[in-house]
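Here's a friendly walk through the model below. Have the sequence and the 3D view open as you read.

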Amino acid sequence: MATHAPYKPQFYVVALGIAEADAAYPLIRAIAPEVSSGDWRDYVRRRCRDGGFKGLFDDNDLLVGLFSYRFGERLRQGRVLALDDFVTFELSQAAPGRKLLMSIAEIFARRSGCT
């Protein structure tokens with residue numbers, strides 16, 4: 001009898017722009033069902049002016065997570081990266097996609113000069 005190794009999804013993270021707003025909307029509805037698609041598009045335009053988005057894709061090139069970010073400054077910490085709208089859709093309780101997305105956020109913050 002053949003045994004199969006458990007499936008381990010592979011993920012990658014890339015910057016998202018205004019063009020990807022519609023693809024991200026179902027994820028946003030999971031955390032903010034009251035937000036209309038028009039309100040979401042307006043928010044994406046504003047956020048892309050003062051920050052941006054990173055998207056988590058699975059090995060089938062499906063968008064399964066994202067976060068929005070903006071830069072700020074704190075008296076005690078200096079330059080900081082503020083994360084908003086952090087959401088992932090995963091069936092695994094181990095949450096490898098969420099872990100990768102958070103790791104990418106931390107790397108991105110350091111490379112952007114944040115404390």
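Predicted model: local features only at pLDDT ≥ 70, side-chain atom pairs only at ≥ 80, totals over all residues.

## Strands and hairpins

Strand 2 (residues 51-58) and strand 3 (residues 63-74) run antiparallel, joined by 7 bridges. For pairing, DSSP has to find at least two bridges between two strands.

Local features need pLDDT of at least 70 and side-chain atom pairs count only at pLDDT 80 or more, while totals for chains, interfaces and linings use all residues, and side-chain values use heavy atoms, with hydrogens and water left out.

Back to the strands. Strand 3 also pairs with strand 4 (residues 78-88), again antiparallel, through 9 bridges. Here Arg 70 faces Ala 82 in strand 4, and the hairpin that links strand 3 to strand 4 passes through 3 residues.

## The overall picture

Zoom out and you'll count 3 helices and 4 strands. Along the sequence they come in the order β-α-α-β-β-β-α. The C-alpha atoms fill a box of roughly 60 × 35 × 20 Å along the principal axes.

How much of the protein is buried? Of its 115 residues, 32% are. Buried means under 20% relative accessible area, exposed means over 50%, and partly exposed is in between (1.4 Å probe, protein chains only). The accessible surface of the protein comes to about 7,600 Å², and carbon and sulfur atoms own 53% of that; the areas come from the Shrake-Rupley method with a 1.4 Å probe.

As for contacts (heavy atoms within 4.5 Å), take those with a separation of 6 or more: 51% of them are between residues 24 or more positions apart.

## Charges and salt bridges

There are 16 positive and 14 negative side chains, and the centres of the two sets lie 7 Å apart. Lys and Arg count as positive, Asp and Glu as negative, with His and the chain ends not counted. A salt bridge means a side-chain nitrogen of Lys or Arg within 4 Å of a carboxyl oxygen of Asp or Glu, and by that rule the protein has 5. Among them are these:

| Salt bridge | N to O distance |
|---|---|
| Asp 42 and Arg 45 | 3.0 Å |
| Arg 47 and Asp 50 | 3.6 Å |
| Asp 84 and Arg 47 | 3.0 Å |

Salt bridges with shared partners connect Arg 47, Asp 50, Arg 70 and Asp 84 into one network.

What separates Asp 42 from Arg 45 in helix 2 (residues 37-50)? The two are 3 residues apart, which is about one helical turn. Asp 42 is partly exposed at 38% relative accessible area, and Arg 45 is partly exposed too, at 36%. Arg 47 and Asp 50 are likewise 3 residues apart in helix 2, again about one helical turn.

Is Arg 47 buried or exposed? Arg 47 counts as buried, at 8% relative accessibility. Setting aside neighbours within four places in sequence, Arg 47 is in contact with Gly 52, Phe 53, Ser 68, Tyr 69, Arg 70 and Asp 84.

Most residues other than glycine have a negative phi. Asp 85 is not a glycine, yet it has a positive phi of about 55°. Asp 85 lies in strand 4 and is partly exposed, at 23% relative accessibility.

Ala 95 also has a positive phi, near 55°. Where does Ala 95 lie? Ala 95 is in the loop between strand 4 and helix 3 (96-111). At 8% relative accessibility, Ala 95 counts as buried.

Methods. Residues numbered from 1 in each chain as written. Charge placed at Lys NZ, Arg CZ, Asp CG, Glu CD.
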